[in-house]
Amino acid sequence: MSSGSAAYQVSQLDELEAESIFVMREVVAEMERPVLLFSGGKDSIVMLRLAQKAFAPAGIPFPVMHVDTGHNFPEVLDYRDRRVTELNLHLIVASVPEALTRGLVRESGDGMRNRIQTPVLLDAVEK
């Protein structure tokens, strides 16, 4: 390197972002029906933003899926719905309360719904 040139460096965050975008594009290229799980929490908000970047200026080419436990804060659902509308996305809601009514799952005595989200998710993915 000559004394007059500056070294080009990519930050670790930029590198992770680029790798994530690459993986998303590969998934869309290789898989038949990809979907992005979206709870409205910080991790899924980041993933949604990465999907925006990966496919810009086009839209996100897959739906988002929310496994709704029935215990969400109204603000989270409002945010989810607002982002879906803003980005013109297809939203799939896999509903734990609906699955309880249909008899797909049974609620445990402690009222926690974490374990029963998995069969609800798998049922929605199958559909």
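Because the model is predicted, local features are reported where pLDDT is at least 70 and side-chain atom pairs count only at pLDDT 80 or more, whereas totals for chains, interfaces and linings use all residues. Residues are numbered from 1 along each chain as its sequence is written, and side-chain values rest on heavy atoms, with hydrogens and water left out.

The UniProt record, an unreviewed entry, lists residues 34-108 under "domain: Phosphoadenosine phosphosulphate reductase"; positions from that record are given in the numbering used here, feature names are shortened, and annotations may be inferred rather than shown by experiment. Secondary structure follows DSSP runs, in which helices (H or I) have at least four residues and strands (E) at least two, with numbering from the N terminus.

Helix α1 covers residues 12-30 and includes Phe22, and Ile21 is also found in helix α1. Burial is classed by relative accessible area, with buried meaning under 20%, exposed over 50% and partly exposed in between (1.4 Å probe, protein chains only). On this scale Ile21 counts as buried at 11%, whereas Phe22 is exposed at 52%. When residues up to four places away in sequence are not counted, Ile21 touches Leu50, Lys53 and Ala54, where contact means heavy atoms within 4.5 Å. Ile21 and Pro57, 36 residues apart along the chain, have their C-alpha atoms separated by 14 Å.

Phe22, together with Val23, Val27 and Met31, makes a nonpolar surface patch of about 370 Å². Patches are assembled from residues with over 30% relative accessible area and no salt bridge, like charges being joined within 9 Å and nonpolar side chains (Val, Leu, Ile, Met, Phe, Trp, Tyr) within 5 Å. The accessible areas themselves come from the Shrake-Rupley method with a 1.4 Å probe, and for residues only the protein chains shown count as cover.

Val35 lies in the loop between α1 and β1 (36-37) and is partly exposed, with a relative accessible area of 33%. Its contacts, leaving out residues up to four places away in sequence, are with Phe62, Pro63, Val64, Met65 and Ile92. The C-alpha atoms of Val35 and Leu13, which are 22 residues apart along the chain, are separated by 24 Å.

The count of aromatic pairs comes to one, under a rule that pairs rings of Phe, Tyr and Trp (its six-membered ring) if their centres lie within 6.5 Å, with planes under 30 degrees apart counted as stacked, over 60 as edge-to-face and the rest as tilted. The rings of Phe55 and Phe62 have centres 5.9 Å apart and planes at 85 degrees, and the pair is therefore edge-to-face. Phe55 is buried at 13% relative accessible area, and Phe62, a contact of Val35, likewise counts as buried at 9%.

Helix α3 (residues 74-86) contains Arg83, which is buried with a relative accessible area of 17%. Leaving aside neighbours within four places in sequence, Arg83 is in contact with Leu48 and Gln52.

A search of the whole structure finds seven salt bridges, each defined as a side-chain nitrogen of Lys or Arg within 4 Å of a carboxyl oxygen of Asp or Glu. One of them joins Arg80 to Asp81, with the closest N and O atoms 2.8 Å apart; Arg80 is buried at 8% relative accessible area, while Asp81 counts as partly exposed at 32%.

A further salt bridge is formed by the side chains of Arg102 and Glu98, at an N to O distance of 3.5 Å. These two residues are four apart in helix α4 (residues 96-102), so Arg102 and Glu98 are separated by about one helical turn. Both are partly exposed, Arg102 with a relative accessible area of 42% and Glu98 with one of 45%. The side chains of Lys127 and Asp123 also meet in a salt bridge, at 3.3 Å from N to O, and here Lys127 counts as exposed at 66%, whereas Asp123 is partly exposed at 22%. Through salt bridges that share partners, Glu98, Arg102, Asp123 and Lys127 are joined into one network.
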